[in-house]
Amino acid sequence: FEAAATIPVAFLTSYYALVHLARLEAGETVLVHGGAGGVGLAALQIAKSHGATVIATAGSREKRVLLETLGADHVLDSRSLAFADEVMRLTGGQGVDVVLNSLAGEAMERSVQVLKPFGRFLELGKRDFYGNTRLGLRPFRQNLSYFGIDADQLLTRQLKLAERLFRNLMRLFEDGSLTALPFRAFAAEDATAAFRLMQQAGHIGKIVITPPAVPAVSATPTAPGFQ
């Protein structure tokens with residue numbers, strides 16, 4: 001059950017973004033920010049299963065090593081704006097076809113700039129939305145597409161689409177194309193520590209909080225003389 005809990009949000013978000021919105025095709029290159037998080041690791045699996053090249057970023061050496069182990073073609077440091085120059089170098093100055101973004105501010109702007117013509121920008125982060133950040137339109141003269149993504153709204157406003165996408169996902173799990181994510185489980189009474197770890201971005205994959213054990217209910221003894 002803990003492994004199954006890693007699937008719905010992360011994989012539905014990634015599948016909706018990469019497959020439904022971006023129409024990812026074999027041979028394309030995807031830049032996945034926050035590659036060691038739940039959505040990032042799901043996106044890595046989905047992109048590779050579609051024959052794409054994946055450039056992933058992560059904020060620590062441990063996470064970058066993990067991404068290399070799990071099949072990312074190139075791994076960069078998300079805490080440095082130098083990732084943009086590295087992306088252009090790795091792609092021979094061409095840029096990438098798709099960006100799955102979770103970075104904010106200038107890092108987000110740099111990520112738009114590494115898209116090649118007809119590129120698709122998939123925005124997962126919320127900080128720039130709530131901050132009403134301005135984004136220059138000049139790069140979009142190159143036939144770029146921008147998608148703001150909140151998968152929660154799929155379940156409230158596009159339920160039929162969500163059901164269809166999730167059925168497609170389950171087929172990929174059934175045939176072995178996708179697997180559950182790495183996770184760290186916390187007992188329910190340790191939920192505070194779990195949220196603290198998430199706040200510090202100290203985890204890899206998903207954090208799972210297990211429900212408390214339900215005590216067994218014994219039958220009430222029948223009082224003497226009563227049936």
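**Strand 5 and its surroundings**

Strand 5 pairs with strand 6 (residues 145-148) in parallel fashion, through four bridges. Pairing here takes at least two DSSP bridges between the strands, and the strands themselves are DSSP runs (E, at least two residues), as are the helices (H or I, at least four), with numbering from the N terminus. The model is a predicted one, so local features are taken only at pLDDT of at least 70 and side-chain atom pairs only at pLDDT 80 or more, while totals for chains, interfaces and linings use all residues. Residues are numbered from 1 along each chain as its sequence is written, and side-chain values rest on heavy atoms, with hydrogens and water left out.

Across from Val 99 stands Phe 121 of strand 5. As a general point, side chains in a regular strand alternate between the two faces of the sheet.

Phe 121 turns up again among the aromatic contacts. Rings of Phe, Tyr and Trp (its six-membered ring) were paired if their centres lie within 6.5 Å, with planes under 30 degrees apart called stacked, over 60 edge-to-face and the rest tilted. By this rule there are three aromatic pairs. One of them joins Phe 121 and Tyr 146, which are stacked because their ring centres are 5.5 Å apart and their planes meet at 20°. This pair ties together distant parts of the chain, with Phe 121 in strand 5 and Tyr 146 in strand 6, 25 residues apart. Ring pairs also bring in Phe 140, so that Phe 121, Phe 140 and Tyr 146 form a cluster.

Phe 121 has 0% relative accessibility and so is buried, whereas Tyr 146, at 33%, is partly exposed. Tyr 146 also belongs to a nonpolar surface patch of about 370 Å², together with Phe 129 and Tyr 130. Patches draw on residues with over 30% relative accessible area and no salt bridge, joining like charges within 9 Å and nonpolar side chains (Val, Leu, Ile, Met, Phe, Trp, Tyr) within 5 Å; the areas come from the Shrake-Rupley method with a 1.4 Å probe, and for residues only the protein chains shown count as cover. Tyr 130 lies in helix 7 (residues 127-130) and is exposed, at 73% relative accessible area.

Now for the charged side chains. Oppositely charged side chains can pair when their charged atoms come close. With a salt bridge taken as a side-chain nitrogen of Lys or Arg within 4 Å of a carboxyl oxygen of Asp or Glu, the structure holds six. The partners come from distant parts of the chain, Glu 28 from the loop between helix 2 (8-21) and strand 1 (29-32) and Arg 120 from strand 5, 92 residues apart. Glu 28 is buried at 12% relative accessibility, and Arg 120 is buried at 10%.

Other salt bridges stay within a helix. In helix 6, Arg 110 and Glu 106 meet at 3.2 Å, N to O; they are four residues apart and therefore separated by about one helical turn. Arg 110 is partly exposed at 25%, as is Glu 106 at 43%. In helix 5 (residues 83-90), Arg 89 and Glu 86 are three residues apart, about one turn of the helix, and their closest N and O atoms are 2.8 Å apart. Arg 89 is exposed at 55%, while Glu 86 is partly exposed at 29%.

Most residues other than glycine have a negative phi. Asn 132, however, has a positive phi near 50°, and Asn 143 has a positive phi of about 60°. Asn 132 is in the loop between helix 7 and strand 6, and Asn 143 is likewise placed in the loop between helix 7 and strand 6. Asn 143 is partly exposed, with a relative accessible area of 45%.

Key
Buried < 20%, exposed > 50% of the residue type's maximum accessible area, 1.4 Å probe, protein only.
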